[in-house]
Amino acid sequence: MLQSQILSVLPRRMLASLWASAETRLTLSHFTANNHSNATSPAFLCAELPVRYMHMLRLLSSLPLDALQSPMIKHVSHRYLHDLCTLLHPSMQNTSSRAFSDVMRRLRQRQATSLIRLRYALAGSAMLMDNINTIGLGIQFLTEQHLSWPDRVQEVRPVEIAMQAADDVRQVCASCLGKQPPSISITDKGSSQEMHYAPSALHRILFESMLLAVRAHMTTAATTTSTSRWPSLSFMRKNKQRPIQLDIFGGPTSVGFRLDSPAPLLTRDTLHDIPRDPIGIPIAHQVLSSTEADTLSKHGDEQLPNAEWHVWSGWRAAKTMASHWGGNLDAMSVDGLGTTMYLALDRDLNISERYPVYNPSRRRYNPETQLEAFLDAISQQQSTTHQYQRPAKDHSISLSAAVASAVAHA
């Protein structure tokens with residue numbers, strides 16, 4: 001099987017080195033027009049992405065043994081090891097720009113489906129999912145900036161992006177809920193000055209925030225109208241006169257957004273959850289049908305064409321995006337009073353990206369030991385003592401031969 005082949009040929013010392021290596025913290029300034037080619041070059045991506053992939057596995061290694069041996073976690077772990085082989089292949093840095101970009105697109109698709117699987121598997125592990133989302137977002141941002149030159153970090157007008165996000169939200173809600181959504185009033189209170197940001201990231205943060213507000217407004221209005229008593233109905237009628245209002249403030253060091261809605265958020269809106277449409281129906285369940293512990297289908301991750309969009313749906317994803325470059329997204333929701341969301345984005349382009357802090361125990365920390373324990377847990381051939389048997393000629397295999405062999409059998 002592919003998993004056994006990868007675990008047999010990848011040099012353990014190389015994996016342990018990636019496991020213990022520190023990430024390269026980037027800033028938005030690395031992705032501006034002047035520095036874009038350096039931060040997203042094939043050489044940098046082939047060196048940095050394997051480190052971040054191993055850090056994803058390092059996070060998963062904190063799970064108990066029974067969780068590590070579940071089909072979902074084993075599938076994701078072996079997928080990351082397989083993609084790591086692809087990145088380390090000697091030919092990657094010497095391939096054509098078009099071929100390299102094609103590989104990056106496939107890796108992005110597989111990364112998205114892996115994160116969706118983890119959202120199913122780890123829905124109850126909030127802190128772990130926050131850290132996984134943080135590293136996953138950094139991986140997505142690196143590859144996105146390599147592939148999407150028109151969407152590079154650039155000067156953007158917050159009001160224009162907010163208006164586009166509001167239109168998109170209303171279209172989505174009208175399509176899914178079958179009725180006209182409430183309007184979103186946008187007021188510029190001194191934010192006409194442009195800021196540097198990735199347009200797609202700012203759009204997505206505002207889109208997800210507005211989507212929660214509009215959906216909660218429509219859901220609350222429908223529920224109250226059909227089931228509420230007269231006092232509540234009277235209050236709702238007054239509340240319906242309040243529009244959903246987005247105020248945008250500009251300042252010398254930051255840009256702020258305040259979104260006011262008359263309806264409180266739903267209970268699960270601010271929790272980690274699987275991707276859902278505005279009605280609440282899961283929209284990424286196809287990945288479960290292609291998830292097996294001992295098989296990595298070449299086409300299984302292509303069953304969800306919009307995985308890269310769906311994986312970043314929801315409040316927690318928007319909060320991760322906002323905080324990645326020093327910003328903050330928060331919400332205050334009170335029954336009977338409504339919801340106010342606050343988004344602040346820093347103008348400083350030199351703030352390092354957010355990344356989970358890794359503090360291993362000094363008494364027990366040994367990269368090779370921790371790695372061996374993790375590989376033992378996800379290995380298909382489990383012994384009664386759960387001890388991983390290292391191949392006799394493990395370190396005699398050259399890196400070139402190892403990754404070439406793994407990719408050849410993919």
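**Close-up 1. Helix α9 across strands β2, β4 and β5 of a predicted model.** In this predicted model, helix α9 (residues 158–177) lies across β2, β4 and β5 and runs at about 175° to β2. Helix α14 (residues 315–324) packs on the sheet, where α14 touches β6 and β7 (338–346), and the direction of α14 makes about 140° with that of β6. Helices (H or I, at least four residues) and strands (E, at least two) are DSSP runs numbered from the N terminus, while contact means heavy atoms within 4.5 Å. Axes are lines fitted to C-alpha atoms, for helices over the stretch in contact, and angles run from 0 to 180 degrees between N-to-C directions.

**Close-up 2. The open sheet of five strands.** The strand order is β2-β4-β5-β7-β6, with mixed pairing, two strands being counted as paired if DSSP finds at least two bridges between them. The edge strands, each pairing on one side only, are β2 (184–189) and β6 (328–334), and the twist from one strand to the next averages 15°. Strands β4 (residues 244–250) and β5 (residues 254–261) run antiparallel and are joined by six bridges; within this pair, Gln245 has Asp260 of β5 as its bridge partner.

**Close-up 3. Helix α7 against helix α8.** The axes of α7 (residues 97–121) and α8 (residues 126–147) come within 10 Å and cross at roughly 160°. That angle makes α7 roughly antiparallel to α8 (angles under 35 degrees count as roughly parallel, over 145 as roughly antiparallel, 65 to 115 as roughly perpendicular and the rest as oblique). The crossing of α7 past α8 is left-handed, a term used if the near helix is turned anticlockwise from the far one by less than a right angle. Residues of α7 including Phe100, Met104 and Leu115 meet residues of α8, among them Met129, Ile132 and Ile139. By class, this contact of α7 with α8 has eight nonpolar, six polar and four charged residues (Ala, Val, Leu, Ile, Met, Phe, Trp, Tyr, Cys and Pro count as nonpolar, Asp, Glu, Lys and Arg as charged, and the others, Gly among them, as polar).

**Close-up 4. Helix α6 against helix α7.** The axes of α6 (residues 71–88) and α7 come within 10 Å and cross at roughly 160°, and α6 and α7 are therefore roughly antiparallel to each other. Here α6 passes α7 in a left-handed crossing. The contact includes Ile73, Val76 and Tyr80 of α6, together with Val103, Leu107 and Tyr120 of α7.

**Notes.** Residues are numbered from 1 along each chain as its sequence is written, and side-chain values use heavy atoms, with hydrogens and water left out. Local features need pLDDT of at least 70 and side-chain atom pairs count only at pLDDT 80 or more, whereas totals for chains, interfaces and linings use all residues.
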